[in-house]
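Good morning, colleagues. Please have the viewer open.

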Amino acid sequence: MNEKRDDDDTGRDAAPSAFELLGGEARVRELADRFYDLMELEPAYRELRTLHPPQMEGSRDKLYWFLCGWLGGPQHYIERFGHPRLRARHLPFAIGIRERDQWMACMEQAMREIGVEALLAHRLSAAFMNTADWMRNKGG
């Protein structure tokens, strides 16, 4: 997703990044927090929840830090941990179609509930699906 800010050497700015369109760090934090709130509250995300530690503050922070950079904002995650290496970091967890679909449903619900504008939510959902599908490491 990580979008470039300058489109050429004339000094013109490219279109706003997804980070800017979403509303910056406060809104990214709101999205990450709502995602994890829903994961804990909704029985539909049970399998997804079991992939996480009992206390999820660290997971919340990591998602927030990652999303800031992935959406085109500050590179908080990279500053703390280096390259995200998402697939490698997720290999210890059995992620199949069910877990991918629960992750997507939870993120889409979080975007709806915090009021992400429909066109941006659609664009983000497509990008999230590409990444979530890439995390799969088991059949079914």
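The side chain of histidine 52 makes a polar contact with the side chain of tyrosine 36, at 3.4 Å. A polar contact here is a pair of N or O atoms within 3.5 Å; within protein, one must be able to donate a hydrogen and the other to accept it, and residues adjacent in sequence count only if both atoms are side-chain atoms. A polar atom of that histidine 52 side chain also lies 3.0 Å from the backbone oxygen of leucine 48. Histidine 52 itself is found in the loop between α3 (46–50) and α4. Helices are DSSP runs of H or I with at least four residues, numbered from the N terminus. Setting aside neighbours within four places in sequence, histidine 52 is in contact, meaning heavy atoms within 4.5 Å, with Tyr36, Met39 and Ser59.

Before going further, a word on provenance: this is a predicted model, in which local features need pLDDT of at least 70 and side-chain atom pairs count only at pLDDT 80 or more, while totals for chains, interfaces and linings use all residues. Residues are numbered from 1 along each chain as its sequence is written, and side-chain values use heavy atoms, with hydrogens and water left out.

Let us turn to the largest pocket. How much space lies in the largest pocket? About 770 Å³. Of the 25 residues that line the largest pocket, the closest to its centre are Tyr36, His52, Leu86, His90 and Trp103. The definition is as follows: on a 1 Å grid over the protein atoms alone, a pocket is an open set of points where a 1.4 Å probe fits, with protein on both sides within 12 Å along at least five of seven lines, and lining residues have an atom within 4 Å of a point. Grid points are joined across faces, edges and corners, and the volume is the space filled by probe spheres set on the points.

Helices α4 (57–70), α5 (76–81), α6 (86–90), α7 (97–114) and α8 (118–134) each supply at least two residues of that lining. The largest share, 6 residues, comes from α4. By class, the lining has 17 nonpolar, 4 polar and 4 charged residues. In this count Ala, Val, Leu, Ile, Met, Phe, Trp, Tyr, Cys and Pro are nonpolar, Asp, Glu, Lys and Arg are charged, and the others, Gly among them, are polar.

Next, the packing. The largest nonpolar core has 38 residues, and those with the most contacts inside it are Phe35, Leu67 and Leu71. The elements giving two or more residues to this core are α1 (18–22), α2 (25–41), α4, α7 and α8. Such a core is a set of buried Ala, Val, Leu, Ile, Met, Phe, Trp, Tyr and Cys residues joined through side-chain atoms within 4.5 Å. Buried means under 20% relative accessible area, exposed over 50%, and partly exposed in between, with a 1.4 Å probe and protein chains only. Leucine 67 touches Val28, Leu31, Met107 and Phe128, not counting residues up to four places away in sequence.

Some individual residues deserve attention. Glutamine 102, in helix α7, counts as buried because its relative accessibility is 9%. Beyond four places in sequence, glutamine 102 touches Ala44, Tyr45, Arg46, Glu47 and Leu48.

Is serine 17 buried or exposed? Serine 17 is buried, since its relative accessible area is 2%, and its place is in the segment before α1. Serine 17 and tryptophan 70 are 53 residues apart in sequence and 10.0 Å apart in space, C-alpha to C-alpha.

Leucine 21, in helix α1, is partly exposed at 45%. Excluding residues up to four places away in sequence, leucine 21 touches Pro16, Leu120 and Arg123.

Finally, the backbone. Most residues other than glycine have a negative phi. Arginine 85 has a positive phi, near 40°. Arginine 85 sits in the loop between α5 and α6 and is partly exposed, with a relative accessible area of 47%.
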